[in-house]
Amino acid sequence: MTTPQQRHAILSAVDAAFDEQLAFTVSLVETPSLRGSEKAAQDLMESRYRSLGLTIDRWTLDPAELALHPAAGAIDVDYSGSEVVVGTYTPEVETGRSLILNGHVDVVPTGLPELWSRGPFNAVIAEGWLYGRGAADMKAGLAAAPFALAAVQAAGLRPLGRVHLQSVPEEESTGNGTVSTLQHGYHADAVLIPEPVGGELVRAHVGVIWFKVRLAGQAAHAAEMSEGFNAVDAAYALISDLRRVEARWNEASKSVKYFEELQHPFNFNVGLINGGDWTSSVPDWCEFSMRVAFPPGRAAGDAWAEILETIERAAQENPALGGVIPSVTKTGFYSDGYSLEPGSEAEDSFGRAFAAANGRLLGTVTTPAYLDARVYGLFDNTPSLVFGPECQRTHGADECVSVESLREVTRAIALFIADWCGVEQR
């Protein structure tokens, strides 16, 4: 347990360096890190880790290696530009508990530029919010981790346990970046991921599967439409059948632990759809990509089997599909959900740190989003805490993160490092 004097020194150090932290976060947001192009942003993270005297480990994701792990998602892109960076603090004599601070550097596409008030990679602080693609999800939290550790050091203290700072790609698509850190031997007594979840601790998150469906039709002139078979119409019909599964899963959500109060948590999202080649021709092909969510406690394999069964039955029974069974391919996430059950020492320690840092009790939240907490929580039996700042318009135009909330998050993480790992005077 830290003393009141130590806690005061740590919090004062966070506040003293907060302008520097914001400046670094702005630089990180202004460095694009779309999927497969994260190298420049990872260079920034490595530089920050080195400034703390951390030992650096950096590697490129290996599809063959990832394929050996059951937590890995399907890979349909080139990984040659996707790198993981880990900075490790190791005490001279390790007597305290170890900690992983994990965050993702990859961001989603920017969407239509005209929807942004300013350029998506033109990071601006205005009226208490930091704007830009990835500012909320999750570069603010990713950058907070090294500054939290730096505050402990600036207070004249040294953690007594190992601290691993992980900056990973692929969280937005597969979770494979964090899976790779586990494969490379990184383990700890607790994990904290500062995702933008509104300043509360995540109690549970959904499982997610990504897949692509391709339907074949028969081309014909639009003037003789009945002579062809419209693959786009067939796709809409199949999506309607899948929506019935979505409705059934959400009707049952009231009996799912931690999801009882959420409205429609298990979403089936059609994120991409393409089809046909000519406006006056009946389209002979259509593809759509879907993201489906399902409750923790249900295996991804079971959810996937129900999806495939629905598609096969639709091909046989729905006349709009013409009796042709579509091709179905997994394209990314194939991940179970995760629940952080109350009562762990890690949660108790973090609750104390949050209250000491911010003068109020820590709340909890259940989220219908995917989180990398499931990797260490399910596959390494490690309590995985997700806690991060307040944000708005995640994945949308004018994405932003609350500056004051970010300060609170950094203060809480800094005290958690000290409380969980233990500290000694330098």
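The model is a predicted one, in which local features need pLDDT of at least 70 and side-chain atom pairs count only at pLDDT 80 or more, while totals for chains, interfaces and linings use all residues. Residues are numbered from 1 along each chain as its sequence is written, and side-chain values use heavy atoms, with hydrogens and water left out.

**Helix packing**

Two packed helices are described by the angle between their axes and the distance between the axes. Here helices (H or I, at least four residues) and strands (E, at least two) are DSSP runs numbered from the N terminus, and axes are lines fitted to C-alpha atoms, for helices over the stretch in contact, with angles running from 0 to 180 degrees between N-to-C directions.

| Helix pair | Angle | Axis distance |
|---|---|---|
| Helix 1 (residues 4–16) and helix 5 | about 125° | 8 Å apart |
| Helix 1 and helix 11 (residues 403–421) | roughly 140° | within 10 Å |
| Helix 3 (residues 39–51) and helix 5 (residues 135–154) | about 15° | 10 Å apart |

Helix 1 passes helix 5 in a right-handed crossing, a crossing being right-handed if the near helix is turned clockwise from the far one by less than a right angle, and left-handed if anticlockwise. Ile10, Ala13 and Val14 of helix 1 meet Ala151, Val152 and Ala154 of helix 5, where contact means heavy atoms within 4.5 Å. This contact has six nonpolar, no polar and no charged residues, with Ala, Val, Leu, Ile, Met, Phe, Trp, Tyr, Cys and Pro counted as nonpolar, Asp, Glu, Lys and Arg as charged, and the others, Gly among them, as polar.

Helix 1 also passes helix 11 in a right-handed crossing. On the helix 1 side the contact is made by Arg7, Ile10, Leu11, Val14 and Asp15, and on the helix 11 side by Arg407, Thr410, Arg411, Ala414, Leu415 and Ala418; these residues divide into six nonpolar, one polar and four charged.

Helix 3, by contrast, passes helix 5 in a left-handed crossing. Met45, Arg48 and Tyr49 of helix 3 are in contact with Leu142, Pro146 and Phe147 of helix 5, a set with five nonpolar, no polar and one charged residues.

**Pockets**

A pocket is, on a 1 Å grid over the protein atoms alone, an open set of points where a 1.4 Å probe fits, with protein on both sides within 12 Å along at least five of seven lines, and its lining residues have an atom within 4 Å of a point. The largest pocket has a volume of about 1200 Å³, a volume being the space filled by probe spheres set on the grid points, which are joined across faces, edges and corners. Its lining comprises 36 residues, of which Val108, Glu172, Trp210, Phe333 and His395 are the closest to its centre. Strand 10 gives the most to this lining, with four residues, and the lining as a whole divides into 18 nonpolar, nine polar and nine charged residues.

The second largest pocket holds about 170 Å³ of space. Among the residues lining this pocket are Asp241, Arg244, Glu306 and Arg313; helix 8 gives the most, with six residues, and the lining has two nonpolar, two polar and seven charged residues.
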